[in-house]
Amino acid sequence: MTCFDHCEITVLRQTFKDLCAISGKGTSVDKETFLQYFPLPGLLGERLFAVFDTKRSGKVDFEEFVCGLAVTCRGDWDQKVDFIFSLYDVHGTGAVSREELTALVSALNQ
């Protein structure tokens, strides 16, 4: 969270609270609400949610939300590469298969 200043954290906290209210989940954002805020097609949206949901709880809490945005918006080259790799590693095997790559590239064309 250190890559955001106080004002940015305040805006992110309010945005997150608004998403929680829409989600009806109290202190977390469900996948449906997350995908409305980050409207990516099909598998790509699903994968973005999964990469943000680092605790694998099926919802995104404030820490996961800010950390995900920190990497995508302010991360260094290596952090962004790791993020994209995780996005494409659908099965979590530590490798991206031809099928995973094809599925995600196809999702980009939708």
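The model is predicted; local features need pLDDT of at least 70, side-chain atom pairs count only at pLDDT 80 or more, and totals for chains, interfaces and linings use all residues. Residues are numbered from 1 along each chain as its sequence is written, and side-chain values use heavy atoms, with hydrogens and water left out. Helices (DSSP runs of H or I, at least four residues) and strands (E, at least two) are numbered from the N terminus.

**Nonpolar core**

- The largest nonpolar core holds 25 residues. Such a core is a set of buried Ala, Val, Leu, Ile, Met, Phe, Trp, Tyr and Cys residues joined through side-chain atoms within 4.5 Å.
- F34 and F65 have the most contacts inside this core.
- At least two core residues come from each of α1 (6-23), α3, α4, α5 and α6 (98-108).
- F34 is in contact (heavy atoms within 4.5 Å) with V29, L48, F49, F52 and V60, leaving aside neighbours within four places in sequence.

**Largest pocket**

- The largest pocket has about 240 Å³ of space. A pocket is an open set of points on a 1 Å grid over the protein atoms alone, where a 1.4 Å probe fits, with protein on both sides within 12 Å along at least five of seven lines. Points are joined across faces, edges and corners, and the volume is the space filled by probe spheres set on them.
- The pocket is lined by 16 residues, and V51, T54, G68, V71 and F83 are the closest to its centre. A lining residue has an atom within 4 Å of a point.
- Two or more lining residues come from each of α3, α4 (62-74) and α5 (77-88).
- α4 gives the most, with five residues.
- By class, the lining has six nonpolar, four polar and six charged residues. Ala, Val, Leu, Ile, Met, Phe, Trp, Tyr, Cys and Pro count as nonpolar, Asp, Glu, Lys and Arg as charged, and the others, Gly among them, as polar.

- S28 sits in strand β1 (residues 28-30). S28 counts as buried because its relative accessibility is 4%; buried means under 20% relative accessible area, exposed over 50%, and partly exposed in between (1.4 Å probe, protein chains only).
- Beyond four places in sequence, S28 touches F16, C20, S23, K59, V60 and D61.
- D61 lies in strand β2. Beyond four places in sequence, D61 touches F16, T27, S28 and K55.
- The side chains of D61 and K55 make a polar contact at 2.5 Å. A polar contact is a pair of N or O atoms within 3.5 Å; within protein, one must be able to donate a hydrogen and the other to accept it, and residues adjacent in sequence count only if both atoms are side-chain atoms.
- A polar atom of the D61 side chain also lies 2.8 Å from the backbone nitrogen of E64.

**Loop between α3 and β2**

- R56 is in this loop. Its phi is near 55°, a positive value in a residue other than glycine.
- R56 counts as exposed, at 61% relative accessibility.
- G58 lies in the loop between α3 (42-52) and β2 (59-61). G58 is partly exposed, at 43% relative accessibility.
- Beyond four places in sequence, G58 touches K31, F49 and D53.

**Helix α6**

- L101 is found in helix α6. L101 is partly exposed, at 43% relative accessibility.
- Beyond four places in sequence, L101 touches Y88 and V96.
- L101 and D89 are twelve residues apart in sequence and 8.3 Å apart in space, C-alpha to C-alpha.
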